[in-house]
Amino acid sequence: MSEDLAPFFDLSLELLCIAGIDGRFRRINPAFETLLGYSSEELLSRPFFDFMFHEDREPAMAKLMNLRRGESAINFENRVVCKDGSIRCLAWTAAPATAEGLIYAAARDITKAKAAEEALRRSEQMMRDFIMAISHELRTPMTSMRGSLGLLASGVMGELNDEAARAVSVAERNSVRLASVIDHILELEKRP
Amino acid sequence: MRVLVVDDEEDVRYVARMSLDRVGGMDVVEASSGEEGIALAMKDHPDVILLDMMMPGMDGAATFLELQSCAATAEIPIVFITARSMNAEARRMTSLGARGVITKPFDPLQLANELTAILRS
């Protein structure tokens with residue numbers, strides 16, 4: 001690393017490292033200690049798979065195989081287990097230096113972004129469930145009201161006197177209007 | 001035509017019955033739950049089943065799948081009635097073999113025509 005760029009390795013808030021294709025860190029910047037809680041001695045003494053969330057090890061192993069073959073990895077995500085037991089989600093970019101048997105990698109902590117994504121997904125699902133429930137609760141009585149009034153107004157239930165026919169017609173017309181308003185409101189709720 | 005109406009709402013069953021009977025001239029039997037609908041379908045062999053999607057306990061989808069899996073009722077065409085927001089689920093049922101969907105609130109003067117049109121399509 002050229003001398004004028006070397007300070008950036010230590011200053012960076014992102015995780016920067018040089019690793020071997022054997023799955024061990026060769027050099028890590030201080031951001032590793034800050035984020036993960038392990039000392040640099042701990043991180044350098046064990047394979048980096050040891051710090052990974054167990055479900056993510058197999059895909060990470062597959063990525064390492066690709067890196068060994070000379071392919072770069074861009075925006076590869078995995079989870080790591082911090083010293084305090086908490087889980088952080090990292091997005092990695094890595095490039096191999098196959099002649100030297102090394103991998104140069106940088107990672108960004110995307111834990112908060114992932115949590116926000118999940119919260120948004122849950123919120124959207126709750127909204128969909130709410131709309132489905134409210135739609136049923138509004139449209140079911142509308143079906144009965146509109147249906148009964150429509151049958152009365154049509155005369156199939158028997159003839160009505162003029163005043164009754166007028167009253168039923170008013171009620172039926174407004175039940176159709178109300179059904180339309182309900183449709184519009186529920187369509188608006190569905191829009192992002 | 002003999003129609004089995006399966007809906008947990010008594011008032012909706014009433015309106016459907018009046019509409020199909022008085023306007024459409026159809027024979028109507030009613031069931032207030034999925035389980036009752038299956039029992040009546042096996043006993044009466046209606047020409048078509050009008051099935052509500054959202055019912056407590058055994059919902060429309062579960063009732064449909066049960067009717068499809070039973071040799072005695074598998075051939076009876078089934079049309080769902082549902083509020084519009086349930087259309088995605090109703091379309092899924094259509095892809096599994098339901099004949100069609102009628103949305104609530106339906107026009108009581110057109111229910112019989114809509115049902116007939118679905119069965120003919």
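Predicted model: local features only at pLDDT ≥ 70, side-chain atom pairs only at ≥ 80, totals over all residues.
Residues are numbered from 1 along each chain as its sequence is written, and chains are lettered from A in the order in which they are written. Local features need pLDDT of at least 70 and side-chain atom pairs pLDDT 80 or more, while totals for chains, interfaces and linings use all residues; side-chain values use heavy atoms, without hydrogens and water.

Q: How much space lies in the largest cavity?
A: A cavity is a set of points on a 1 Å grid over the protein atoms alone where a 1.4 Å probe fits but cannot get out. Its volume is the space filled by probe spheres set on the points, which are joined across faces, edges and corners. For the largest cavity this comes to about 320 Å³.

Q: Which residues of the lining lie nearest the centre of the largest cavity?
A: Lining residues have an atom within 4 Å of a point. There are 23 of them in the largest cavity, and those nearest its centre are F48(A), M52(A), N78(A), W92(A) and A105(A).

Q: How many residues has the largest nonpolar core?
A: Such a core joins buried (under 20% relative accessible area, 1.4 Å probe, protein chains only) Ala, Val, Leu, Ile, Met, Phe, Trp, Tyr and Cys residues through side-chain atoms within 4.5 Å. F48(A) and W92(A) are among those with the most contacts inside the largest core, whose residues number 27.

Q: Which residue of β4(A) is the bridge partner of N78(A)?
A: Strands are DSSP E runs of at least two residues, and two of them pair if DSSP finds at least two bridges between them. β3(A) and β4(A) run antiparallel, joined by 8 bridges. Within β4(A), N78(A) is partnered by L90(A).

Conventions: 1 Å grid on protein atoms, 1.4 Å probe; cavity = no way out; pocket = protein on both sides within 12 Å on 5 of 7 lines; lining within 4 Å. Buried < 20%, exposed > 50% of the residue type's maximum accessible area, 1.4 Å probe, protein only. Helix = DSSP H or I, 4+ residues; strand = E, 2+ residues; numbered from the N terminus.
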